[in-house]
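Take a look at the model below. We will walk through it step by step, from the whole chain down to single atoms.

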Amino acid sequence: MIIDGKGLAETIKGELKLEVDAIRERGGNIPHLAAVLVGDNPASASYVRNKVRFCEGAGFESTLIRKDSSITEEELLEIIADLNENEDVDGFIVQLPLPEHIDEDKVTMAIDPRKDVDGFHPVNFGKMAQGLDAFLPATPYGIMTMLQRYEIETSGKHCVVVGRSNIVGTPMSILLSRKAYPGNCTVTLTHSRTKDIASECLRADILIAAIGIPNFISADMVKEGAVVIDVGINRVEDDSRKSGYRLVGDVDYDSVYGKSSYITPVPKGVGPMTVTALMMNTLKAAKQK
Ligand code: NAD
């Protein structure tokens, strides 16, 4: 069965809009998301566009701050300080990656954890790890929402996560091992130094691929009936497309589809759910104020 991330995102957008309409009617605080986009990376620009568009659809307010890649680290930190102070902004994100001369960790640390709707700040990460209330990192939160809405059983399942980034693989492994639903999995976190990744993947009831290598997970790495979540978004050349490229995931979808019980497509799988999770966090931030 295909997990329709795009469709689910639309459904949740409608639910969020109803909530925002009710807030508006009673004269409450309309959620306001700001996004900072540095440079002209086309993928980043497209992600931010989707986020702003989602805001419009859900009745949120949004602000886009675009800066040239020549911006200094100090200038960017000043923008963040202003957003931290700005009473009108409930949550904000700084789209990654940033130009090389800017320290991403410094930027992440500068964001007020109460406005950190991407859930990247160590305060939110730490709270998440301890099962406390926090802004969950957007992509893992989107995946958790997918599992929950599709009522996929996770308790006692063996989950294998491929990739250990701070924003996807590592938090995903923590969330699925927590004592909760979705969760209660036995989790194996694999990465570039894992010895025999294929045999690790073959043990997975739930396989989550977040590496950034096109079609890395082939059918012979997937157990019959596994739930396969493909986080990868990779541009591969395709002369038949006007753009000259198409998007593929980290999973070889065509061969893996037949073996899986559930699978997310790329595009229209995890991507729209990441945006949705960001909006759920923004609404939460607005309510907490
Ligand atoms: P990253 O580059 O920060 O991390 C990649 C991870 O993969 C690393 O931990 C590395 O150890 C592991 N890895 C690399 N090569 C490997 C190999 N040969 N075998 C096993 N592990 C290997 O990437 P990221 O930010 O986590 O993103 C991963 C992918 O997910 C990218 O394609 C990215 O574009 C995509 N992504 C999608 C969304 C979404 O909303 N769908 C959000 C974030 C990232």
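**From domains to ligand**

The domain assignment gives the protein domain 1 (26–112) and domain 2 (138–270). Keep in mind that this is a predicted model. Taken over C-alpha atoms, the centres of domain 1 and domain 2 are 27 Å apart.

Now find the ligand. There are 21 residues around the ligand. Of these, R164, S165, I211, V231 and T274 come nearest.

A polar backbone atom of R164 sits 2.8 Å from an oxygen atom of the ligand. V231 has a polar backbone atom 3.2 Å from a nitrogen atom of the ligand. For S192, a backbone N or O atom lies 3.2 Å from a ligand nitrogen atom. How much of the ligand's accessible area does the protein cover? On its own, the ligand has 850 Å² of accessible area, and the protein covers 71% of that.

Go back to T274, one of the residues that come nearest to the ligand. T274 belongs to helix α10, which runs over residues 270–288. Is T274 buried or exposed? Its relative accessible area is 15%. Buried means under 20%, so T274 counts as buried. Leaving aside residues up to four places away in sequence, T274 touches A138 and T139.

Finally, follow the whole helix. α10 has 19 residues. From first C-alpha to last, α10 reaches 27 Å, close to the 27 Å expected at 1.5 Å a residue. Of the 19 residues of α10, 14 are buried, so the helix is largely enclosed by the rest of the structure.

Key. Residues numbered from 1 in each chain as written. Predicted model: local features only at pLDDT ≥ 70, side-chain atom pairs only at ≥ 80, totals over all residues. Heavy atoms only, no water. Helix = DSSP H or I, 4+ residues; strand = E, 2+ residues; numbered from the N terminus. Buried < 20%, exposed > 50% of the residue type's maximum accessible area, 1.4 Å probe, protein only. Contact = heavy atoms within 4.5 Å. Expected span 1.5 Å × (residues − 1). Domains from an automatic or database assignment. Near = heavy atom within 4 Å. Polar contact = N/O pair within 3.5 Å; in protein donor to acceptor, adjacent residues only side chain to side chain. Areas by Shrake-Rupley, 256 points an atom, 1.4 Å probe, with all protein chains shown as cover.
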